Amino acid sequence: MDFQLLQTYNFAFLDEGSKREIRRAALKAVAIPGYQVPFASRELPIGRGWGTGGLQLTLSLIGDGDCLKVIDQGHDDSVNAVSIKKLVQTCTRITTTTDSEQATIIQTRHRIPEVSLRKDQILVLQVPEPEPLRRVEPREKETKRLHAEMDYSSIWLRLYEDIVRWGKITIGPDYPAMANHRYIFNPSPIPRFDLPKLNQAEGLYLFGAGREKKIYAIPPYTDVVPLAFEDYPFETEHFEGCACRLCGSTDTFLDEIYDEKTGEKVYQCSDTGNCRKRPEGRNSNE
């Protein structure tokens, strides 16, 4: 009975026509780095805002031989990551992993894995707000015109006003960046720490916004430059003097948490899959 129920769904849930339409939009996005390509976002058995854009990209790209990793804020075990992973696995029977180096497709929200992508890997990011100019212009028609004319004076003014008022640029995640010296894009809400990983990367980065019905991409070996001024350069988050309480790492993005027993503030790797591998690697070398 269970087998018969599973067969009522197409491979990877979406019908083949829908998958082709999403792949065409992804190809256009790859051809024009940073440009937001509209697509007909489909209904899925999860709510808008819970990763439907990234999930549609994953479902349209995945094949029999793929291995999938899903993370949420760097965690393999969060509710969102586990639910998406179960859905894809049920509809495809593909293998899944927590090791980013074994995965061929990685779907993620708010983080990029610590280990750099290879050229045979695809990273799919879930995007809640794809428009980088929304901070300064609420009208969709007007943001399209600004992108077309490459008129980005308003976002530069926003950064300048931050410096005048606060002495620094206050944008944390969602930090705007220029793709291929043409389009300003929103790198989803990843921390500043992850933004340099997009520049001249070997792997393909795809961004899917299901609620906003847009897809954009950073193809391999593309210049990605965060917006900054010569006298106020781009800075990433710093963790001087801090180390992961589990693996001792000092060169990864750390989450600040409180110990459940002592209440003491401690730090722990955000990328849980990479954190688990580190002690194993040390033990195997001993």
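How many salt bridges does the count come to? In this predicted model, the count comes to 23 salt bridges. Side chains of opposite charge can pair when their charged atoms come close. Two regions illustrate such pairing.

The side chain of Asp 76 forms a salt bridge with that of Lys 69, with an N to O distance of 2.7 Å. Both of these residues, Asp 76 and Lys 69, are buried. A salt bridge also joins the side chains of Asp 76 and Arg 276, here with 3.9 Å from N to O. Asp 76 is located in the loop between β2 (67-72) and α4 (79-92), whereas Arg 276 belongs to helix α7 (residues 272-285); the pair therefore ties together parts that are 200 residues apart in sequence. Asp 76 has a relative accessible area of 1% and is thus buried, while Arg 276, at 38% relative accessibility, counts as partly exposed. A network of salt bridges links Lys 69, Asp 76, Asp 77 and Arg 276.

Asp 194 counts as buried because its relative accessibility is 0%, under the limit of 20%. Arg 111, at 2% relative accessibility, counts as buried as well.

Note on methods. Residues are numbered from 1 along each chain as its sequence is written. This is a predicted model: local features need pLDDT of at least 70, side-chain atom pairs count only at pLDDT 80 or more; totals for chains, interfaces and linings use all residues. Side-chain values use heavy atoms; hydrogens and water are left out. A salt bridge is a side-chain nitrogen of Lys or Arg within 4 Å of a carboxyl oxygen of Asp or Glu. Buried means under 20% relative accessible area, exposed over 50%, partly exposed in between (1.4 Å probe, protein chains only). Helices (H or I, at least four residues) and strands (E, at least two) are DSSP runs, numbered from the N terminus.
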